[in-house]
Amino acid sequence: MAPPEAEKDEPLTPASRLFVMPEMNQIINCIIGFKRPIDVAAVTSIIENSAMVKLPRFSSLMVRDRHGREYWRKTQLDIARHIIVLEDPIGDIEAGEEAANDYVADLSVSSELSTDKPLWEIHFLRAHNCAVFRAHHALGDGISLMSMFLACFRTAEDPERRQTLASSTARRENWRAILWKIMKAAILTVVFAVEFMLRALWVRDRSTALSGGAGVELWPRKLATAKFRLDDMKSVKRAVAGATINDVLFGVISAGLSRYLDIRSPEAPPEGLRITGTAMVNLRKHPGMQDLSDLMKRDSGVRWGNKFGMILLPVYYHKGGDDPMQYVKRAKAMIDQKKLSLEAHFSYRIGYFVMSFFGPKLAWWLNYRVVCNTTFTISNVIGPQEEIVVAGNPVTYMRVNTTSLPHKFGYRQSQCIW
């Protein structure tokens with residue numbers, strides 16, 4: 001009979017078990033910039049009374065039994081061990097956001113999270129008016145963590161009010177349109193599922209100046225930030241019928257990759273060369289941000305944790321950058337097909353099946369193969385829709401990256417509409 005202490009332990013989900021493997025060990029780093037100098041004592045007090053510390057995974061140790069199986073074990077949380085304060089500037093004190101980027105880039109390859117405490121910590125870079133929130137990916141995905149942030153933060157207009165979540169309404173369609181959509185979804189799902197399996201086994205992108213591969217995750221990192229005016233993005237979106245902001249962003253990335261190859265390639269790549277990216281897709285019943293109370297309900301269908309699938313996003317090289325609007329149109333056509341298919345659900349189910357029946361080693365190998373056989377990673381989490389404050393200090397920006405991917409290039413988009 002197991003001891004009472006062991007009976008309280010909660011097994012890690014298959015996805016979380018994958019993320020804690022030494023070969024994987026993915027950590028999410030979120031930089032939060034502030035308008036004014038940070039009052040560390042005030043922010044720490046807010047953390048101590050926040051929804052975050054009430055979440056079981058943020059107050060549990062990750063432990064392994066004698067068979068190597070991982071569990072969450074509840075522990076007494078000591079907030080002070082999770083707070084790291086840096087008073088001195090990182091490099092040039094005038095560097096601002098660049099200094100924070102350099103700091104996180106270095107953390108991505110040099111500093112793991114200690115397993116003798118819950119797998120998160122907050123670094124305050126006081127000289128640069130910013131904080132870096134670090135959480136192991138085993139704790140949850142981007143949707144879970146951003147939903148937690150929204151539950152903890154307050155709006156600038158009313159410091160007592162939490163962020164409101166945007167609601168979406170489904171478009172009504174007639175039965176013919178629905179039937180045609182089902183047929184297209186079935187065909188596209190089969191095509192994309194076969195392509196995904198081939199990527200996991202042997203098909204790979206042609207080697208270019210963009211290519212990464214096994215071992216690249218150990219290279220020194222450079223984190224750079226590009227900012228776009230939302231009004232400009234909307235202007236481009238209106239120029240392409242039915243386009244979304246995500247279509248425009250992916251079109252920008254596609255054009256940028258072609259121009260990069262023009263500049264950095266010793267020999268011009270062949271016209272139409274395929275460059276494949278991977279993207280993570282939220283699979284919860286309701287898209288977008290989730291109410292934290294719903295995430296904590298077992299029967300809500302939007303549970304806390306890692307609930308996402310992987311899809312392949314192909315782009316094609318065109319010499320000289322082609323017509324920029326063509327990139328957006330091609331991005332929209334491709335993304336519309338991906339949205340219609342069940343490729344993300346397929347990849348999630350395959351990963352779950354392999355983890356459950358063959359263990360994390362094979363699941364990691366398949367995941368690693370897909371990443372090594374593609375060229376870049378892109379992820380997108382919508383951020384706060386209103387200006388927010390922490391301890392009365394307005395937040396000026398939020399940006400996120402992750403560690404341990406064998407890609408030279410990764411794109412992390414955080415859309416903050418303020």
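This briefing covers strands, a helix contact and aromatic pairs. The model is predicted: local features need pLDDT of at least 70, side-chain atom pairs count only at pLDDT 80 or more, and totals for chains, interfaces and linings use all residues. Residues are numbered from 1 along each chain as its sequence is written, and side-chain values use heavy atoms, with hydrogens and water left out.

**Strands**

- Helices (H or I, at least four residues) and strands (E, at least two) are DSSP runs, numbered from the N terminus.
- Two strands pair if DSSP finds at least two bridges between them.
- Strands of a sheet pair through backbone hydrogen bonds, either parallel or antiparallel.
- An open sheet of three strands runs in the order S1-S4-S3, with antiparallel pairing. Its edge strands are S1 (10-11) and S3 (60-64), each pairing on one side only.
- S3 and S4 (residues 70-74) are joined by five bridges in the antiparallel sense. Val63 stands opposite Tyr71 in S4.
- S3 and S4 form a hairpin with five residues between them. Gly68 in the turn has a positive phi of about 85°.
- S3 is mostly covered, with four of its five residues buried. Buried means under 20% relative accessible area, exposed over 50%, and partly exposed in between (1.4 Å probe, protein chains only).
- S9 (residues 274-282) pairs with S10 in the antiparallel sense over nine bridges. Gly277 stands opposite Leu313 in S10.
- S10 (residues 308-316) is also mostly covered: seven of its nine residues are buried.

**Helix contact: H6 and H10**

- Two packed helices are described by the angle between their axes and the distance between the axes.
- The axes of H6 (residues 175-201) and H10 (residues 324-340) come within 8 Å and cross at roughly 100°. That makes H6 roughly perpendicular to H10.
- Axes are lines fitted to C-alpha atoms, for helices over the stretch in contact, and angles run from 0 to 180 degrees between N-to-C directions. Angles under 35 degrees count as roughly parallel, over 145 as roughly antiparallel, 65 to 115 as roughly perpendicular and the rest as oblique.
- H6 makes the contact (heavy atoms within 4.5 Å) through Lys181, Lys184, Ala185, Leu188, Phe192 and Glu195. H10 contributes Gln337, Lys338 and Leu340.
- These contact residues divide into four nonpolar, one polar and four charged. Ala, Val, Leu, Ile, Met, Phe, Trp, Tyr, Cys and Pro count as nonpolar, Asp, Glu, Lys and Arg as charged, and the others, Gly among them, as polar.

**Aromatic pairs**

- Rings of Phe, Tyr and Trp (its six-membered ring) pair if their centres lie within 6.5 Å; planes under 30 degrees apart count as stacked, over 60 as edge-to-face and the rest as tilted.
- By this rule the count comes to nine aromatic pairs.
- Phe133 and Phe149 have ring centres 5.2 Å apart and planes at 75°, so the pair is edge-to-face. The pair links distant parts of the chain: Phe133 is in S7 (residues 130-136) and Phe149 in H5 (residues 142-152), 16 residues apart.
- Both Phe133 and Phe149 are buried.
- Phe353 and Phe357 form a tilted pair, 4.9 Å centre to centre with 40° between the planes. Both lie in H11 (residues 343-358), four residues apart, about one turn of the helix.
- Phe353 is partly exposed, at 42% relative accessible area, and Phe357 is exposed, at 61%.
- Ring pairs link Phe58, Trp120, Phe133 and Phe149 into a cluster.
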